[in-house]
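Let's take a look at this one together, starting with its pocket and then moving on to the helices around it.

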Amino acid sequence: FGPAAAAVIVAFSSLTIWVVKSRNEVTWKKSWRQLGFNTGMWSIAIFGAGLFFGYLNNYLHASNLLVQMLLWAATAFVNTELNFWLLVVMLRLQHGNQVKPAKLWQENQWATLIDFLLKAIGSGFLIFATRTYGWIAIAAFFLPILLSSISFHLYVRQMQNHMNNL
């Protein structure tokens, strides 16, 4: 559907997470500023990565599965780096010369590497499953994740209630 649709989906999912997640003064402040920042950053990064993907896909005419997987890995890298550098720019605008972009990049290489690997591996599995098994593969891929997430949430709530009773 293109980069604009991807940005809208990311914005909608960011809004949904913000609305559904309960407020916690320590870890989750649930402010409009936080919603705007997260939504804007994620949407811009996914839009830029989507433009990159569209350009390379048209240039390479990627019909081969391996080329398509490498293209998604490159797009995951672009998305991760765009997300990181947008955050660095915002921190630099807020705190001025106290923020050292090169130092931040060096200190957070491990986090961006993990983010990239998760996106690249996940997208590779999705491409392979979709090409091999069709669209039903996406439901089969996400259904266990959704169910385990709900199960974990219910377990945590039950343990919290138990701790409150104690």
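How do the residues of the lining of the largest pocket divide into nonpolar, polar and charged?

## The largest pocket

Keep in mind that this is a predicted model. The lining of the largest pocket splits into 21 nonpolar residues, 10 polar and one charged. The volume of this pocket comes to about 1,400 Å³. A total of 32 residues line the largest pocket, and A6, I46, W72, S123 and L126 are the closest to its centre.

Where does that lining come from?

## Helix α5

Several α5 residues are buried: T112, F116, A120, S123, G124, I127 and A129. In general, an α-helix has 3.6 residues a turn, so residues three or four places apart point the same way. After α5 comes G134, with a positive phi near 90°.

## How α2 meets α3

Two packed helices are described by the angle between their axes and the distance between the axes. For α2 (residues 32–60) and α3 (residues 65–95), the axes come within 8 Å and cross at roughly 145°. The crossing of α2 past α3 is right-handed. Sorted by class, the contact of α2 with α3 has 20 nonpolar residues, seven polar and one charged.

Terms used
Residues numbered from 1 in each chain as written. Predicted model: local features only at pLDDT ≥ 70, side-chain atom pairs only at ≥ 80, totals over all residues. Heavy atoms only, no water. Buried < 20%, exposed > 50% of the residue type's maximum accessible area, 1.4 Å probe, protein only. Helix = DSSP H or I, 4+ residues; strand = E, 2+ residues; numbered from the N terminus. Axes fitted to C-alpha atoms, helices over the stretch in contact; angles between N-to-C directions. Left-handed = near helix turned anticlockwise from the far one by under 90°. Nonpolar A, V, L, I, M, F, W, Y, C, P; charged D, E, K, R; others polar. 1 Å grid on protein atoms, 1.4 Å probe; cavity = no way out; pocket = protein on both sides within 12 Å on 5 of 7 lines; lining within 4 Å. Points joined across faces, edges and corners; volume = space filled by probe spheres on them.
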